[in-house]
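Hi everyone, thanks for making the time.

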Amino acid sequence: MQATTTSQHILKFSTRSIPLSSYDASRIPISQTRLRYRCRGYTSVTSKRQDVSHVPSTSFRRTLQALPTTTLLRSLVVLSATALPAKLLASLIRLTKEHVGIIESVSPLRWTFRRLLYDNFCIGFRKDEIRTKTQELRRVGFTGIVLANAREAQPTTDSHVGSVIGDVQCEEWVNNNLESVQMAEPGDYIGLRFTGAGAAAAKFLSDFSATCKSHNLGEANNLYASEMQYYTLQVERICKAAEARKVRVLIDAESSTYQRAIDCAALQIMRRFNTSPRALVLNTYQMYLNSSADKLRLHLDHSIKHGYILGIKMVRGAYLHTELDRQSLHISKQQTDEAYDDTVRFLLREGSGAAWKADVMLATHNAKSVRQAFDLYTSTCITSKQNDRFKPQVCGMTFAQLMGMADEVSMDLVRRIEQARKEDLLRHLTEVDTATMHPRLGVYKYTAWGSLRDCLLYILRRAEENKDAAARTQDTAFAILRELRSRVLNRS
């Protein structure tokens, strides 16, 4: 295929070995970083003082003030589970997965899991439920949601898996995601997890990626041309429906076992759909991989060559414990944080005047990264307004956090966007583009929809992928406790 051959140089970085000492999780100073952060900077989220002078001051409002007390209490109960010892928490996750059928059939258990886990992380099953909860999020200031279908084909160890071409599971996955498009409102996003398309799709993605690593992209294209063509056509069916409904598409990153094939397909799809002033499809870049910054630059070059806007969703990464090549990882959390923030600065500052264009979503729970990126983007846009010769290359910058997590980060963004809406030089960033229904500056909650069984399996799968998330939920718990304390004191 033309698109795959012209993008051959893009994935060459994947086969390079970057000499780093083997990864040692014990070297990541998570607790020290968290302690320093709380002591030095956490209260700035709810402080009256703004980081930059151009954002107008408003009357003081607590960060979580707009959220219902029931939501805060539910989140606190769910987050309290993360204080359990890691081995005990892992055992509870495993037991819940093994007995999800019992949970679904026993009324008291079903009620408990529905009211706690499901309602905290998921948005509903029926379209009217999803619409009602989305409207509730919009009322407190969120721009919209990122909606993922919770139903995913379960992995298999069967070595006799057939071809992805004409696969029943793949067709079911397409139909589920077409339903997600219809569940979402114009201006929202949907999330696609490629391996959720079934065992045949996962095997194809794995085999293609392995061939890229052991040989090269050209060899992978030759061996799997028909499978890649079929698979990208299935994803394009979803993208066409999303385009018609004015819903954007996020392609999730996965482990390196599959990622080279995902990148190859994503470049082809973005080349087709990202030709308007805003990107329809965004690919995900995991910054805990030490090759991600180079990969992003290569993809920007590819977008210049083929004349499209690169869609970028940046995350720190969720597959730390499943990456087989430990040398592909940054050796510390600090290095990952620096890589993330440096790449944002490159996109907003160093890239000015370049030939590429990009649409960016920062999907992170890191309050420091969010504040820095927000301030840099808004100051860059002000400079552009005041100086016609300075044109930023980033068409829009949005933010996303998981529903039920990092609400203090999300609500601080809501407050900042409300302030920007009152500023003459920033108001245009918050206004919805009638052509795409997406503003240039927004904040979204990433959530899943589906049955209790499907959503429980989805939540538990994400919990296993994010084993370190427990260490990052304490800031949210402290923020909730402060807000609840304020409400009690105000009533007394």
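Let's start with the rings: Trp 173, Phe 194, Phe 204, Phe 208, Tyr 224 and Tyr 231 form one aromatic cluster. A quick word on where this comes from: it's a predicted model, where local features need pLDDT of at least 70, side-chain atom pairs count only at pLDDT 80 or more, and totals for chains, interfaces and linings use all residues. Residues are numbered from 1 along each chain as its sequence is written, and side-chain values use heavy atoms, with hydrogens and water left out.

Rings of Phe, Tyr and Trp (its six-membered ring) pair here if their centres lie within 6.5 Å; planes under 30 degrees apart are called stacked, over 60 edge-to-face, and the rest tilted. By that rule we get ten aromatic pairs. One of them is Trp 173 with Tyr 231, a stacked pair at 6.1 Å centre to centre and 15 degrees between the planes. Trp 173 sits in helix 8 (residues 168-183) and Tyr 231 in helix 11 (residues 225-245), so this pair ties together parts 58 residues apart in sequence. Helices (H or I, at least four residues) and strands (E, at least two) are DSSP runs, numbered from the N terminus.

On to the strands, which pair if DSSP finds at least two bridges between them. Strand 3 (residues 189-192) pairs in the parallel sense with strand 2 (residues 144-149) over three bridges, and four bridges join strand 3 to strand 4 (residues 248-251), also parallel. Look at Tyr 189: its bridge partners include Val 146 and, in strand 4, Arg 248.

In a regular strand the side chains alternate between the two faces of the sheet. In strand 3, Tyr 189 and Gly 191 point one way, Ile 190 and Leu 192 the other, and all are buried.

Now strand 7 (residues 358-363). Six of its six residues are buried, so the rest of the structure largely encloses it. Five bridges join strand 7 to strand 6 (residues 310-315), running parallel, with Lys 313 opposite Met 361. On to strand 8 (residues 394-402): six bridges join it to strand 7, parallel again, and Ala 363 stands opposite Ala 400.

Conventions. Buried < 20%, exposed > 50% of the residue type's maximum accessible area, 1.4 Å probe, protein only.
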